[in-house]
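Hi,

Here is the structure I promised to pass on.

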Amino acid sequence: MDLLERDGALADLDALLADTAGGGRIAVVSGEAGAGKSSLAAAFAAMAGPRAWVLWGACDPLLTPRALGPLHDIAREVGGALRERMAAGERSAVFDALLDALDGPRQRRRPVVVMEDLHWADEATLDLVAFLGRRLAVLRVLLVLTYRDDEIGPDHQLRTVLAGLPRTLVRRFPLAPLSVQAVDELARRAGRASSSVYAVTGGNPLLVTEVLAATDSAVPATVRDLVLSRLSALSPQGREAAGFVAVVPSQAEPALLASRGAGVEECLAGGVLSATADGVAYRHELLRRAVEQELSPVRRAALHADVLAQLAARAGVDPARLVHHAHHAGDAAAVLRWAPVAAVRAAGVGANKQAAAHYELALRHAAGAPAVERAELLEAYATVAYLAGQIVEALAARRQALTLREQAGDTVRIGENLRWVSRLSWWRGYTGQARQAGVRAVEVLESIAPGPQLAMAYSNLSQLHMLAGEATAIEWGERAIDLARHFGDLDTEVHALVNVGSTRMARDFARGGAELERVAALAAAAGLDDHATRALANKACQAVEWCDFDVAEDVLDRVLDFAEARDLDGYVRHLLGFRAAMLLARGDWAGARADAEAAMAGRDRPGPSRSTAQVVLGRLRARRGEPDAVDILLDAEGPAYEADEMQFVGPVSTGLAEYHWIAGDPARSAAEARRGYEVAVRVGHAWFAGQLAYWQWRAGEPIPVTELIALPYRLLIEGDWRGAAAEWARRGCAYARAEALSCGDEEATAEALRIVDGLGAVGTARRLRAELRDKGARVPRGPRPATAAHPTGLTARQREVLTLLAEGLSNADIAARLTLSAKTVDHHVSAVLGKLGVPSRGQAAAAARRLGLLAPH
């Protein structure tokens, strides 16, 4: 079919390809099934011709998607290191190999990477899209993404990924149905009356094509009718071949079709099937499904069994395909054989959600399996579910496995599962149950000869004590380290080292932070991704809590890149909440809102893990005078106080205290601050103690000044508002500086109002002006509507990067100058371009000069 009414889209795609001379671009092509997304991409690839090196990959409608499905197709075309690393299954190496290929000698032909049908994408593929999107400022490639916009709900992860792409580099191509006039023209060319074609097809290009290709002059009412009319014209051999291909998603390769050659040829000749580069397929998934659904359940299962037998006899077949056909064939034994294999492969490239789905399927078929086999499946499922952030499911699976191990009297496995129940209970917010299960795990394992399991049980208790702010974490951690070294158990040793380093950091920031960096490097080198992430996450989060934002920014950049590349979704959302808190403190309120909303997006997860992000959003809304601020804070309150740990209680108590002060209720503000202050004093947390002492003092309650209270708050409570303001200025915290200045003389208060007005803190400004009126002081007028906060929202580090970028330094040079990793600089450059709203480095430099952003360094 001619691509009528798509000329504009083709021209725009061609222009995007030309624009990649200045950096990468993204084309997002969306539309309903049959809207012509693939046809548009194919026509563009043909039009680009020798100018482009087109790499094509697609997602498959399997029961559980293949991990990195499109990249398997691309690797076959690229070959070399990418294909080798895909076979090895090491995710970060695969991503790096793809970057090397796209930036290699073939750059004389501009790379165009097409990823089709992302509504079926696995987690690792979506992470790859985000990974490439963050590097497009320095990568001259056109990324073409297609998806069905009617098949992704509001919580689909693809929406989050697309929203996170650099907006200045993205061009969207929503494909509308063909007009009545276009359908009339196509009907005229086909020698058909057009009166009923548009009414039946609604202008859907696929349906229009199929209707006009039908030999019968009557217009079928549905896709099903259309397909059945085609099949009725085939011989029994042809119909059998059509049914066989219908149960093979995407395409059937020649090896599967050896016994059906004549039937396949008839289907090709009759237009039922189309030839592809690697086999045969239906022209569209809608047509394949229509044929598949017409098969009787018995016939469909038999065909799936046939495909399964052929695929299982070949080497190198993706186990996800075998699982798909085994399930639909009703072959429980095959599911139990292949689903764990597929799960291990998916987990190997960080597609933990897909790994969990495979294990879940295996468990549904394992009712008659021996108890030991079911326990092993439950334990494996719980592990990947935990890594995917599915805490409720992981905890339930561990408890089931514990019951099975207790029935079998397997002491070692009982202890292991108790330790996991402890860890997962903590994530769920059940800290009391976590401590009980952890103690019981140690008791069970101490009843037998010491082994690695006891070392990890010691380390688990160390972690719980560390999270509770208790110095005893070091004693438990050292016991774990000694025992782990005795057994050569690096996994447990590293886990315990993280706990000890984190506890020491709470008392000696520099020493503990250095220990955590060493442990993170050791863990990463050993492939212990969870431990490496936790080490850096603990350092970053504590740096945020201690208001050491230069350290926090650097570590957050590194650990988020690391966790995102390994599909550690639970960590990513946790860290985004802390980065949002850092950005809020530093005045990048747009960035804080974006990170907080990203941390809260997607599937709701019980427990307190979202509370940091919720508090950021609640405080931001309160300061800006926006509605629903208190509702967000109250939603975080229950899980935080149930967990009874400072990292959760502190932000919630501070957020509620601030909200009620802004709302003009100082008594309620002081009461909320007192609740959290008691916990802060109990665990000796100077910074939360300082924040909560400040809010009690600000509300008019006397508060004893102790050494526990962090310096800027202690200065303010003692009356040295100038010293407090200077300390906050040194830390780059404009809003906190304004809070300190608002406690000073008339000139200082006027400066405080200028700051909060500039930040758009309407609620705070209203409260400060009310206080001035109550004192009978002069109230400075608010800003005119044309006066706005600085629009860029660049962090201090991003301004440094922008200054060096404007001098013409490459990313590698900037990385060397600022002692950062190249990946971190890539991230900053992309963020700078996005915040300035420009597509290239040159335009960023020009915008910086125009806006006066190039500070000396």
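Below are my notes on cavities, cysteines, aromatic rings and one proline.

First, the ground rules. This is a predicted model, so local features need pLDDT of at least 70 and side-chain atom pairs count only at pLDDT 80 or more, while totals for chains, interfaces and linings use all residues. Residues are numbered from 1 along each chain as its sequence is written, and side-chain values use heavy atoms, with hydrogens and water left out.

Cavities

I'd start with the holes. The structure has eight cavities of 30 Å³ or more. A cavity here is a set of points, on a 1 Å grid over the protein atoms alone, where a 1.4 Å probe fits but cannot get out, and lining residues have an atom within 4 Å of a point. Points are joined across faces, edges and corners, and the volume is the space filled by probe spheres set on them.

The largest cavity holds about 460 Å³. Its lining comprises 26 residues, with C547, A581, A585, R619 and Q691 nearest the centre. At least two lining residues come from each of α27 (529-545), α29 (569-586), α31 (611-624), α33 (646-662), α35 (686-698) and α38 (734-741); the helices are DSSP runs (H or I, at least four residues), numbered from the N terminus. The top contributor is α31, with five residues. By class, the lining splits into 18 nonpolar, four polar and four charged residues, where Ala, Val, Leu, Ile, Met, Phe, Trp, Tyr, Cys and Pro are nonpolar, Asp, Glu, Lys and Arg charged, and the others, Gly among them, polar.

The second largest cavity comes in at about 80 Å³. It is lined by 10 residues, and Y386, L387, W427, G570 and Y571 are the closest to its centre. Two or more of its lining residues come from each of α19 (371-387) and α29. Its lining has six nonpolar, two polar and two charged residues.

Cysteines

How many disulfides are there? The count is zero, taking a disulfide as a pair of cysteine sulfur atoms within 2.5 Å. For C541, the closest cysteine sulfur is in C547, 13 Å away and too far for a bond. The sulfur of C547 has its closest cysteine sulfur in C733, at 6.0 Å, which is also too far. C541 is buried at 8% relative accessible area, and C547 is buried at 8% as well (buried is under 20%, exposed over 50%, partly exposed in between, with a 1.4 Å probe and protein chains only).

Aromatic rings

There are 16 aromatic pairs, meaning rings of Phe, Tyr and Trp (its six-membered ring) with centres within 6.5 Å; planes under 30 degrees apart are stacked, over 60 edge-to-face, and the rest tilted. Take W687 and W728: their ring centres are 6.2 Å apart and their planes lie at 65°, so the pair is edge-to-face. W687 sits in α35 and W728 in α37 (residues 721-730), so this pair links distant parts of the chain, 41 residues apart. Both are buried. Ring pairs also join W661, W687, Y694, W695, W697, Y713 and W728 into a cluster.

R135 is over the face of F131, 3.9 Å from the ring centre, and the charged end of R260 is over F244, at 3.8 Å.

A proline

Finally, P780 lies in the loop between α40 (762-775) and α41 (796-806), and is buried at 16% relative accessible area.

Cheers

Technical notes. On a 1 Å grid over the protein atoms alone, a cavity is a set of points where a 1.4 Å probe fits but cannot get out, and a pocket is an open set with protein on both sides within 12 Å along at least five of seven lines; lining residues have an atom within 4 Å of a point. A charge sits over a ring if NZ of Lys or CZ of Arg is within 6 Å of the ring centre and within 35 degrees of the ring normal.
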